[in-house]
Structures are given as C-alpha cells and as structure tokens.
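Please examine the sequence and the model before reading on.

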Amino acid sequence: GEVLHSLMEREVLVGGAATKDKFFRLAPTSQIIHIASHAIFTQEAPDFASIKLAGDKSSRERDLEVADIMQLQLVSAMVVLSGCDTGRGSADASNEMVGLVRSFLCAGASAVVATHWPIRDVSASEFMRTFYRYLIADEEDPAEALRHARADHIRLGGYTHPGHWAPYAYFGVPPGWS
C-alpha cells in the first residue's frame, strides 16, 4: 500500500477510464507509464501489435497500436508493459525489430520493461509491487529494481518457476552507462 503511495498520487486510469484519448492526453507528460492490459502480437504482422484499452468495441477505439504509439512524443518516460507478450518483436525487411517495445523507444521512452511470454495475473501483480518498491522507495534505477524484484520473487514470494519472474526484460540504456 504505502510503497506505491507516491505513484497513486498521479492520475491512474482504471477499467473504463483507461481510454485511448485519455492515454494520449496524459502520456506525453508522464515520467512513468504503467500499462497492465492484454497485448496482442502476431509474428507475421508485428506492425499491428497492440494493447487493449477501454472504449467502444471497435478496434480503432480500443487498440493502442504500434502506429499510435509512434505518434507520441514522450519525454524520457519509463514505460512498464505488464501484460502477456509485450516484449515480443519481429525483424522487418531492414532487420529492425518491430513491436511495442521499439514503438515506445522511438516515441521517446528512455526505458521499457516488458514481457517475453504470457504472465499470470496474481504473480505479475506481486512482481510489479516489488519492482516499484525498489524503483520508488529504494530509488534504484529500473534495471537494478528489476534484478532485485526477480530475486525477491523467487526467495520471498516462493515463485521458483522461471515463468513467474523470467519473462520481465529491461529495454533501453541503463542509467549511468555511456
């Protein structure tokens, strides 16, 4: 509870409030963007990777797609994509990786934390709480916070199977690396 208090002081979009319009309004000025939602990735069509948001049932209203993300102008935001397969990508004709991670980095994110395969809701929620405790309360950089969250998830949380802690990956240049 109180570990995430500083995050909760910011605007949080939950359920029906998590629309594309609100996301586009808030994302450019956010330092941390956390999206916990279902993601879709197809190896054959990585340009159409998307994240499900709230809204009308039409995909244009609900799906935050690669093209939408590339239009954002983020100011060094750290993006956390806590959903299944959010870190997957596929090489295009120029051998560039295409997917959600690349889209957020191209939009100006300084770092992205994403997953390589499906995750389980309860385990993911506990993992994210630990990650943010290290990131915010202990003021660690995202790469270190991720490493410590993995260790705690195994040792203290009892999640010994790699499926619970290994899907999370850090994309971006670690702070202090030049």
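## Helix α6

The buried residues of helix α6 are Ser 123, Ala 124, Phe 127, Met 128, Thr 130, Phe 131, Tyr 132, Tyr 134 and Leu 135. Here, buried means under 20% relative accessible area, exposed means over 50%, and partly exposed lies in between, with a 1.4 Å probe and protein chains only. Helices (H or I, at least four residues) and strands (E, at least two) are DSSP runs, numbered from the N terminus.

Helix α6 covers residues 121-137, and its 17 residues should span 24 Å at 1.5 Å a residue. The expected span is 1.5 Å times one less than the number of residues in the helix. The end C-alpha atoms of α6 are 23 Å apart, which agrees with this expectation. After α6 comes Glu 139, whose phi is positive, near 55 degrees.

## Basis of the values

This is a predicted model, in which local features need pLDDT of at least 70 and side-chain atom pairs count only at pLDDT 80 or more, while totals for chains, interfaces and linings use all residues. Residues are numbered from 1 along each chain as its sequence is written, and side-chain values use heavy atoms, with hydrogens and water left out.

## The sheet and Ser 50

Three strands form an open sheet in the order β2-β3-β4, with antiparallel pairing. The edge strands are β2 (39-40) and β4 (63-65), each of which pairs on one side only. Two strands pair if DSSP finds at least two bridges between them; three bridges join β3 to β4.

Ser 50 belongs to strand β3, residues 50-52, and stands opposite Glu 65 in β4. Is Ser 50 buried or exposed? Its relative accessibility is 3%, so Ser 50 counts as buried. Leaving aside residues up to four places away in sequence, Ser 50 touches His 38, Ala 39, Ile 40, Asp 63, Leu 64, Glu 65 and Leu 100. A contact of this kind means heavy atoms within 4.5 Å.

## A salt bridge between strands

Side chains of opposite charge can pair when their charged atoms come close. A salt bridge is a side-chain nitrogen of Lys or Arg within 4 Å of a carboxyl oxygen of Asp or Glu. By this rule, the count comes to five salt bridges.

One of them joins the side chains of Asp 63 and Lys 52 at 2.8 Å, N to O. Asp 63 lies in strand β4 and Lys 52 in strand β3, so the pair ties together parts that are 11 residues apart in sequence. Asp 63 is buried, with a relative accessible area of 6%, whereas Lys 52 is partly exposed at 25%.

## A network between helices

Which residues are linked in a network of salt bridges? The network consists of Arg 133, Asp 152 and Arg 155. The side chains of Arg 133 and Asp 152 meet at 2.9 Å, N to O. Arg 133 lies in helix α6 and Asp 152 in helix α7 (residues 142-155), so this pair ties together parts that are 19 residues apart in sequence.

Asp 152 also forms a salt bridge with Arg 155, the closest N and O atoms being 3.0 Å apart. These two residues are three apart in helix α7, so about one helical turn separates them. Asp 152 counts as buried at 6% relative accessibility, Arg 133 is partly exposed at 29%, and Arg 155 counts as exposed at 60%.
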